[in-house]
Amino acid sequence: MTRELSYVGKPIPRADAIDKVTGSASYTHDLCLPGMLHTALVLSPHASARIVAIDSQNAEALPGVRAVLTGRGLCYQLGLYMQDKCILARDVVRYQGEAVVAIAADTLDIAKAACQLVEVQYDLLPTVLDPREAMDASAHLVHPDLHTYEHMEGVFFPKAHTNIAHHQKIRKGSFDQAFEGADSTLTASFYNPPVQHVPMETHVSVAQALPGKRMEIWTSSQSPYTVRHLMSVCFDLPHAHVRVHVPYVGGGFGGKAGLGLEPLAYVLSRAAGGRPVKVAATREQEFNTLPSRQGLHSTIEIGASRDGKIVALKSTYVWDAGAYADYGVNIGRAAAYSGAGPYSIDNCWIDSFVVYTNKIFGTAYRGFGHLEILWGIERAMDLMARRLGMDPAEFRRRNLLKDGDTTITGEAFTSGHGNPLQCLESVAEAIDWGTPSEPSVDSYKVRGKGLAMLHKAPAMPTYTSCAVVIKLDEDGGGDILVSGVDYGQGTYTVLRQIAAEELRIPIEKIHITWECDTAFSPYDWQTVASRFAYMGGNAVIQAAADCLEQIRSVASQALNVAPEDLDFEDGVVFPKSDPTRGIPYSKLTLGYTFANGNSIGGPIIGHGRFIAKGLTHLDPETGQGLPAQYWTYGAHAVEIEVDTQTGEIEILNIVTALDAGKVLNPKLCIGQVVGGVVQGLGSALWEGFVFDAKGRFLNAGFVDYKIPTAKDIPRHMQQILLENPQPGGPYGARGVAEHPMISVPSAIGNALYDALGIEFNTLPLNYERILTRIKEKVEPS
């Protein structure tokens, strides 16, 4: 008989809610250490230039200035996957806004004043801004020394003496032959601009250089152990000499993965005699100096049979990595193995190029390249369906992956992967697909419907792992120690639910330590890729089982009962044959004492761990292999209203279906979907970087860069959470945190055609772009 769950699957409130709304949660921005210095930066006004000379004498002489650093003396290369970046620009600047000089002073005002006294002389170099042009053999090289850079061998493949930081290939079947024999073919190109993460808390780090070549860091990061590892590698220090604290984090969305401002804070502290140094980005620097989501140029070629079966697909993805590609190379890799969408395709050819340009550099962003590639794929699916005279939903039905198919990397698709067709049918039914929209009450407004599929797997190394420690308290409760970071997604609440369920104690007695500290909390790779609930959840289950095994061992001696004859409930262990003889956990957690004073056992501390299983590297020539721990599938359907006088889009209704495997907390899951969809609306309707012909960033701030607000939440939103269990997932769960924003632009783009009869292949779908196209359609050329 299956035991009814008490906490897993229930809408338990967030563990951090009260601390955050009352202001008692402490962030790195709040930190103020004794003697702490503050940092200001001198930024490059040019996108590509040689640094001829830096005169900082006047700045150094200003009272209150404690350290002035340039890149010249900082011969360190940084990077997780590709070591291509310096702490400060050295010899050349590669994008407008790059940090050239850093000054630490007693106050931020003094540091800013000192920056005004620095004189930098530049010689302009050629600028390359379009990644497609940057691939040309004659293009200016952003990194002439690319061939010397350390990188993850066998996974990423930089092309020496070019601007190509990585080229990922997928080859399945025979594309050319199948495309030539197709009854109908299509070629279309699409574009996504770079966008900003816009976390509420900007990047901020505090570091202190300590005696004995040690350092201590407090940072707003998604990756405490990755920060520790990269800092130890960069500065050639033992890992134990680097201690990293991560308190509450005010949002990340991928932008705080890997290294950020930590190396700069450390070298400034070292230069200032070991005084702690805070480096906090302004909102403008968050846009113009720190990384963004990469831009993407896509070209999709599809060949199909008359009956609507895709027989060939070719995708060429050209990623605008910007000036540095450390994280960008992994996005390009993930884009390739996901690059055909959730479809069964026998003949597939994908090239994913990650290309350097003289623009702000890219990094991880929620969805990890999938919103970008599926903007092209899902728009192309509608284009192909119309070319065949077929309903777009029906065209997708005939091509979605199903049990027995193989993915484009050769992975066998099974029922355990989830059910993409059920996702499609759910949103189609909810939006009343096939029934035209009701006419608007305003004659100048038109309505339309669109839908789009989505999928994503965690993009992570084959060795990704994590650990969890649960220590039981004197009152029989439990403390969970982890180094995965809950920066708003609610995972700590879910881990508490799992621990309470497994330990059979009230959830109120389960606590989780919010600050990650590499000196005490166990290892976790980093909190990205929608993998924390899956991997951390499994580790919690194992740690709880370890605790129960220790309780069982001590209780069996105390009760003189065989261990296998004991059971647990509500914080009590008891013989199955006589529950009245139970012993509360509180009498066992530090050891059990008999009436005569003898004691057995000892403090109960459970350990759990989880490592990715069954993953392989991809073949460098064919891309065949097993890149995914699991896949999550979903779909969106949307109904929109377009004002033909202004170009404004109003979202009347948007329906999202996700196959979550098992919904661990419906309240939090729905919150993730709502937030993700609204964030996806930002990419669809408003967000996008604008550069001038010289590479200068023109909209680096909220004056000219719009993000969605509460006023932009659609009138109606529906979330459909499906539960087709994931083998190996905790209670059958799979990750869903990133997925809600993926394909939101695609569904809206498809709905725009339904409303206007106009194709849009470039994001964002802002008023200006839409109104221009409407006028082009109605006015004679």
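Which residue forms a salt bridge with Asp-692, and how far apart are the closest N and O atoms? The partner is Arg-696, with the closest N and O atoms 2.6 Å apart; a salt bridge here is a side-chain nitrogen of Lys or Arg within 4 Å of a carboxyl oxygen of Asp or Glu. The legends below concern a predicted model, in which local features need pLDDT of at least 70 and side-chain atom pairs count only at pLDDT 80 or more, while totals for chains, interfaces and linings use all residues. Residues are numbered from 1 along each chain as its sequence is written, and side-chain values use heavy atoms, with hydrogens and water left out.

**Figure 1. The salt bridge of Asp-692 and Arg-696.** Asp-692 is buried, with a relative accessible area of 18%, whereas Arg-696 is partly exposed at 39%. Buried denotes under 20% relative accessible area, exposed over 50%, and partly exposed the range in between, with a 1.4 Å probe and protein chains only. Elsewhere, salt bridges that share partners join Glu-378, Arg-379, Asp-382, Arg-386, Arg-396 and Glu-759 into one network. The structure holds 39 salt bridges.

**Figure 2. Arg-3 and its salt bridges with Glu-501 and Glu-569.** Side chains of opposite charge can pair when their charged atoms come close. Between Arg-3 and Glu-501 the closest N and O atoms are 3.1 Å apart. Arg-3 lies in the segment before α1 and Glu-501 in helix α13 (residues 491-503), so this pair ties together parts that are 498 residues apart in sequence. Helices (H or I, at least four residues) and strands (E, at least two) are DSSP runs, numbered from the N terminus. Arg-3 is partly exposed, with a relative accessible area of 29%, while Glu-501 is buried, at 3%. In the salt bridge of Glu-569 with Arg-3, the closest N and O atoms are 3.7 Å apart. This pair also links distant parts of the chain, since Glu-569 belongs to strand β21 (residues 566-569) and Arg-3 to the segment before α1, 566 residues apart. Glu-569 is partly exposed, with a relative accessible area of 36%.

**Figure 3. The interface of domain 1 and domain 2.** An automatic or database domain assignment supplies the domain bounds. The chain is divided into domain 1 (17-24 + 464-611), domain 2 (31-127 + 202-251 + 256-282) and domain 3 (295-404 + 415-460 + 617-778). The C-alpha centres of domain 1 and domain 2 lie 40 Å apart. In contact across the interface (heavy atoms within 4.5 Å) are 20 residues of domain 1 and 20 residues of domain 2. The two domains bury about 1,700 Å² between them, 54% of it on carbon and sulfur atoms; buried area is the accessible area (1.4 Å probe) that two parts lose on being put together, summed over both. Tyr-487, Thr-518 and Gln-526 supply 35% of the area that domain 1 buries against domain 2, more than any other three residues.

**Figure 4. The salt bridge of Asp-517 and Arg-243.** Across the interface of domain 1 and domain 2 there is one salt bridge. In the pair of Asp-517 and Arg-243, the closest N and O atoms are 2.7 Å apart. On the side of domain 1 that touches domain 2, α1 (17-22) and β20 (516-517) each supply at least two residues.

Figure 5. Ala-99 is buried, with a relative accessible area of 10%. Leaving aside neighbours within four places in sequence, Ala-99 is in contact with Leu-41, Val-42, Leu-43, Leu-88, Ala-89 and Thr-289. Ala-99 and Trp-514 are 415 residues apart in sequence and 32 Å apart in space, C-alpha to C-alpha.

**Figure 6. Ile-758 in the loop between α16 (744-756) and α17 (767-778).** Ile-758 is buried, with a relative accessible area of 6%. Beyond neighbours within four places in sequence, the contacts of Ile-758 are Leu-752, Tyr-753, Arg-773, Ile-774 and Lys-777. Arg-773 is 15 residues from Ile-758 along the chain, and their C-alpha atoms are separated by 7.5 Å.

**Figure 7. Asn-538 in helix α14 (residues 532-559).** Asn-538 is buried, with a relative accessible area of 14%. Not counting residues up to four places away in sequence, Asn-538 touches Ala-533, Phe-610, Gly-728, Gly-729 and Pro-730.
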